[in-house]
Amino acid sequence: MTSCCWGCTAFLSIAHPRHPPPAPQYHPTTTPSGFQGSDYPLARFYHFDNELRKIHRELDSFDGRKEQERCQKLIEKLRRYQSHVMNILWTIVRISVPEETRACRQYREKFPEELSGDHMSGPLWFGAECLAAGSSVLNREDQSDELRPRARHINKVMETVRAKLRKQCLRDVTVYPSDLVDTLRWFDYNWAEFEYSYVSRMCTIITPEQLFNQHLVTVLFSETTATAIKENLITEDQMTAYDPQLMLAIPRLSILRGLLQDNGGILDLSQDVSRIPEYFRPHVPVLLDVKKLLEELSKSNLRTLKVCLASSIDPSDDSDPSVLHCLYLTISGIADQMISNHAKDLRQMLQSTFKMNQPQVITSPELISSSSKRDDLGITSMDCIEPSSSSRAGDQCSDTEPRIRSQLREDAPPWVPDCEVSRCTLCNDNFTLIKRKHHCRYCGKIFCYNCTSNSGILPFTKSAVRMCDVCYEYYTTITQQENSSRPS
């Protein structure tokens, strides 16, 4: 039996489930005229949901065990259309349900970075159907049995929401009645509960203790960085440029700072070992020896050690090479092993450290208000969304008329080459090994992850794609304006 890429022990059970999900309430043979090419989210939902139901019916029409190749192709197609439907569904939720009334998703901070986001909704839906059909996920029988009732419930919730959305599509694709909004909010809360239950059982997520330790180490990193800048061990230019050398220097200097602190600090070796963060715990015996040597160092040698740790220069040529050389190698070895063994955690902690210690530079009066007024930032960055030339002039001259008048572009823009950009187009942060480049699919420009965290379905895409904050604001404004202005 072939297993799917999400670990289900038998994807063929989708075609002939032992416990089938609720039967679809609608079985239309044709799509209403105009729905397939429409830009309205409800109309697009109807089209993709209709295609999804066709796939379900085809899977139920033959024996998947006899036609495995055909079944596998249909399963792959099923998963693609489930992702399309979920992406459109989240677009509808964002448009119709006020953000303050939606389910809290702070739990995603505990998730692995690659699993944090609405883009996982399609695979999660597929996993729910597999569980409801009797399959096990990732060969974890106990966890799968615990999740099975929730999976059956979320499948019923999905059928209810899909049925209501389809009914509304047949009435008016431009309106979201209050009863539909209530249903979408109910779906949002149920989905958040299922998402947390599924991921927390099937993946290794961070515990409260681990999260607390991460915060402690991040504070140590940040305090060390601030002190190192004051002592001229590292420079603000290095911080601004996200110098890769700091990825080594900050953990090394932080270990030194932690050992030199008075009792009660994060590296207080007199406390119970279980209270020391797991990043340092395996090295406690060695750290005890290092602490004894540090207590015997003179101020000049201590300064030399700090300079060497910050610059990765071995102090073998100094006046007391034996002790300094030993301390340098030991501290560097512990820090480097931390980076190797906990690469993902260290990357997140270093990212936070860089953000907290960036020099505050105000280059123009406009930037002062941009942090509190998003519209100012949008006006100065209107080249991202490239409106027509006539609307640009009006946007710059009038504060009372709508700022955005142009329609959404119909074709994908050319992408700015990676080699031409070293800073985020929006926040102006430098790109580094840990701050990567991301293209906005609407304007084609390059931004950091934080400035491209939104997504939406564009006229030239079949699913939700990444957009920068400015283009996303433009996209949602145009969508809402068109939905309200078009006749029903």
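In this predicted model, Asp188 sits in helix α5, which covers residues 178-202. Its relative accessibility comes out at 0%, so Asp188 counts as buried. Once the neighbours within four places in sequence are set aside, Asp188 is in contact with Trp90, Arg102, Ala103 and Arg105. One of these partners, Trp90, turns up again below among the α2 residues that meet α3.

Helix α2 itself runs over residues 68-96, and Ser96 belongs to it. With a relative accessibility of 13%, Ser96 falls under the 20% cut-off and therefore counts as buried too. The side chain of Ser96 reaches back to the backbone oxygen of Ile92, at 2.7 Å. Leaving out residues up to four places away in sequence, Ser96 touches Tyr176, Val181 and Leu184.

Then there is the pairing of α2 with helix α3, residues 121-132. The two axes come within 8 Å and cross at roughly 125 degrees. The crossing of α2 past α3 is right-handed. On the α2 side, the residues taking part are Ile75, Leu78, Arg79, Gln82, Ser83, Val85, Met86 and Trp90. Across from them, α3 brings in Ser121, Gly122, Pro123, Trp125, Phe126 and Glu129.

On to the cysteines. A disulfide is a covalent bond between the sulfur atoms of two cysteines. The structure holds zero of them. What keeps Cys427 from counting as bonded to Cys424? The closest cysteine sulfur to that of Cys427 is the one in Cys424, and at 3.6 Å it is too far for a bond, because a disulfide needs the two sulfurs within 2.5 Å. Cys427 is partly exposed, with a relative accessible area of 32%. Cys71, on the other hand, is buried, at 0%.

Asn454 and Met467 are 13 residues apart in sequence, yet their C-alpha atoms are 5.6 Å apart in space. Met467 is also one of the residues that Asn454 touches, not counting those up to four places away in sequence; the others are Val465, Arg466, Asp469 and Tyr472.

Notes. Residues numbered from 1 in each chain as written. Predicted model: local features only at pLDDT ≥ 70, side-chain atom pairs only at ≥ 80, totals over all residues. Heavy atoms only, no water. Helix = DSSP H or I, 4+ residues; strand = E, 2+ residues; numbered from the N terminus. Buried < 20%, exposed > 50% of the residue type's maximum accessible area, 1.4 Å probe, protein only. Polar contact = N/O pair within 3.5 Å; in protein donor to acceptor, adjacent residues only side chain to side chain. Contact = heavy atoms within 4.5 Å. Axes fitted to C-alpha atoms, helices over the stretch in contact; angles between N-to-C directions. Left-handed = near helix turned anticlockwise from the far one by under 90°.
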